[in-house]
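Please keep the sequence and the structure in view while reading.

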Amino acid sequence: MNRLIFLMVAMCCLTIANAQDKDSVQQRGFFDRLTVGGYGEIAFSRNFYSDHVSRYSQPEKHKDDPSHGRFDIPHFVIFLGYDFGKGWTFGTEIEFEHGGNGIAYEKEDEEGGEWEQETEKGGEVELEQFWIQKSFAPWANIRAGHIVVPVGLNNAHHEPLNFFTVYRPEGENTIMPSTWHQTGISFWGRYKDFRYEAQFLAGLNADNFTNTGWIHKGHKSPLEFDIANKYGAALRVDNYTVPGLRIGLSGYYGHSIGNSYPRNANGVDAEYKGVVAVGSIDFTYNAHNWIVRGQADYGYLSDAEQLKYVYNRLNSKSPYKHTAFVSKNAYAIGIEAGYDIFSQIQYMRKHQQKMYIFGRYEQYNPYASQTKGTDYGYTEVKRMAFGINYFPIKQVVVKAEYSHRFLKELYNDEPSLNIGVGYEGWFDLGHKKLAQQEHYDVEQLNERINELQQQIDELKKKTM
């Protein structure tokens with residue numbers, strides 16, 4: 001009997017050790033807990049239309065202007081993550097846009113082609129994410145810090161393997177920040193077929209809203225801190241019930257006028273709120289050798305006609321000076337579909353290579369309503385693109401496309417040819433070795449538990 005009790009206690013201890021071994025982070029080394037990854041894009045474009053600042057105000061004059069080309073590195077992002085244990089993790093993304101920064105000149109088309117010297121080399125270095133997270137369960141996680149705001153398809157899935165075009169889809173990239181990242185706190189989780197996230201954030205800054213980009217620059221700050229006189233909230237819910245299909249709903253609400261520095265206590269800045277409300281629905285279908293993605297976004301800005309008279313936008317010495325009206329409404333709709341033709345070729349299937357032939361259509365307008373009767377007709381765009389995405393390996397894509405922007409009859413259309421290479425990868429360092437070791441250890445423990453169970457069963461029979 002004593003031996004039976006001893007074996008039962010030993011089996012319980014091994015079972016507990018088995019469970020603890022699966023979850024123990026403290027026994028893992030530094031590199032086993034460190035995650036390194038990122039993504040990047042390289043692009044070449046040849047634009048068969050004028051790049052003159054007056055191409056919209058004097059379209060006939062620039063109808064036969066020569067084409068122009070450019071090489072670009074739209075995004076290069078490094079991700080670092082660390083697992084402290086007991087549910088505490090850390091993550092950060094550092095983004096280099098358009099090659100990083102340096103001293104350069106930039107032509108501001110929105111200010112009549114004025115040249116400005118800026119401390120940047122046509123691009124930016126940004127801390128896109130920096131957060132500390134506590135995970136209580138798969139359905140309950142709290143994340144605080146600088147986080148991505150997942151409103152719309154592009155912000156929630158902005159890595160280069162998540163869209164067919166060489167550059168990020170234009171519609172959402174025009175009317176909303178992209179990638180939209182701000183400082184705040186997030187509650188997120190996944191339960192059964194649903195993933196959800198709710199965020200409390202610093203508000204957008206109406207001083208940065210424009211006629212050609214609506215709220216696109218609203219999350220940016222030229223200061224050493226993010227202004228938080230006003231606040232906003234974002235919500236996203238995704239459903240995965242249908243195999244291969246993800247459907248998402250997302251939205252944002254917040255105040256924007258007065259969320260500036262220095263804060264003006266008088267006039268328009270104090271009298272109006274500048275409510276920003278955005279609603280979006282999007283989906284991704286990936287099955288049967290097809291990938292189809294689509295989204296529809298609609299935005300509303302209250303007190304839009306008052307933005308022109310906000311103090312910082314009138315001040316010629318302010319970095320926010322902007323003379324154009326901003327629209328009360330903006331919208332963007334888009335859909336793309338691609339079929340993997342290599343799925344029909346046995347050799348390519350065997351080597352896991354893919355070649356998608358795709359087409360895309362989108363329509364957007366950051367100035368959808370004529371504020372005080374002022375029209376900027378060139379902001380209304382319909383765009384078609386078609387091309388290929390070749391995946392020699394899962395993490396790398398080579399893209400080529402022909403794109404054509406259709407503008408109103410008064411203006412000249414804008415065709416272009418784009419070629420790009422992108423990647424997205426995670427370099428887990430010791431994780432693979434760790435997983436193999438943990439699997440081996442668990443197998444050993446399970447074998448020992450089975451042996452003890454057999455001995456217990458035999459002793460029970462003898463004592464009965």
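## Cavities, cores and aromatic pairs

Strand S9 (residues 181–191) contributes 3 residues to the lining of the largest cavity, the most of any element. Helices (H or I, at least four residues) and strands (E, at least two) are DSSP runs, numbered from the N terminus. The model is predicted, and local features need pLDDT of at least 70, side-chain atom pairs count only at pLDDT 80 or more, and totals for chains, interfaces and linings use all residues. Residues are numbered from 1 along each chain as its sequence is written, and side-chain values use heavy atoms, with hydrogens and water left out.

Rolling a probe the size of a water molecule over the atoms shows where empty space is left. A cavity is a set of points, on a 1 Å grid over the protein atoms alone, where a 1.4 Å probe fits but cannot get out, and its lining residues have an atom within 4 Å of a point. Grid points are joined across faces, edges and corners, and a volume is the space filled by probe spheres set on the points. The structure holds 3 cavities of 30 Å³ or more. The largest cavity has a volume of about 90 Å³. Among the 14 residues lining the largest cavity, Gln-182, Gly-203, His-219, Asp-226 and Ile-227 are the closest to its centre.

The table gives the two linings by class. Ala, Val, Leu, Ile, Met, Phe, Trp, Tyr, Cys and Pro count as nonpolar, Asp, Glu, Lys and Arg as charged, and the others, Gly among them, as polar.

| Cavity | Volume | Lining residues by class |
|---|---|---|
| Largest | about 90 Å³ | 3 nonpolar, 9 polar, 2 charged |

The lining of the second largest cavity includes Leu-153, Asn-154, Arg-293 and Gln-295. Helix H3 (153–156) and strand S14 (290–301) are the elements that each give two or more residues to this lining.

A nonpolar core is a set of buried Ala, Val, Leu, Ile, Met, Phe, Trp, Tyr and Cys residues joined through side-chain atoms within 4.5 Å. Buried means under 20% relative accessible area, exposed over 50%, and partly exposed in between (1.4 Å probe, protein chains only). The largest nonpolar core has 30 residues, and Phe-209, Ile-215 and Tyr-252 have the most contacts inside it. Strands S13 (275–287) and S15 (329–340) are the elements that give two or more residues to this core. A second, separate core of 7 residues includes Phe-164, Ile-291, Tyr-356 and Phe-358.

Rings of Phe, Tyr and Trp (its six-membered ring) pair if their centres lie within 6.5 Å; planes under 30 degrees apart count as stacked, over 60 as edge-to-face and the rest as tilted. By this rule there are 20 aromatic pairs. The rings of Phe-200 and Tyr-231 are stacked because their centres are 5.4 Å apart and their planes are at 20°. Phe-200 lies in strand S10 (residues 194–202) and Tyr-231 in strand S11 (residues 231–239), so the pair ties together parts that are 31 residues apart in sequence. Phe-200 is partly exposed at 46% relative accessible area, and Tyr-231 is partly exposed at 44%. Phe-225 and Tyr-261 form an edge-to-face pair, with 5.7 Å from centre to centre and 85° between the planes.

How values were computed. On a 1 Å grid over the protein atoms alone, a cavity is a set of points where a 1.4 Å probe fits but cannot get out, and a pocket is an open set with protein on both sides within 12 Å along at least five of seven lines; lining residues have an atom within 4 Å of a point.
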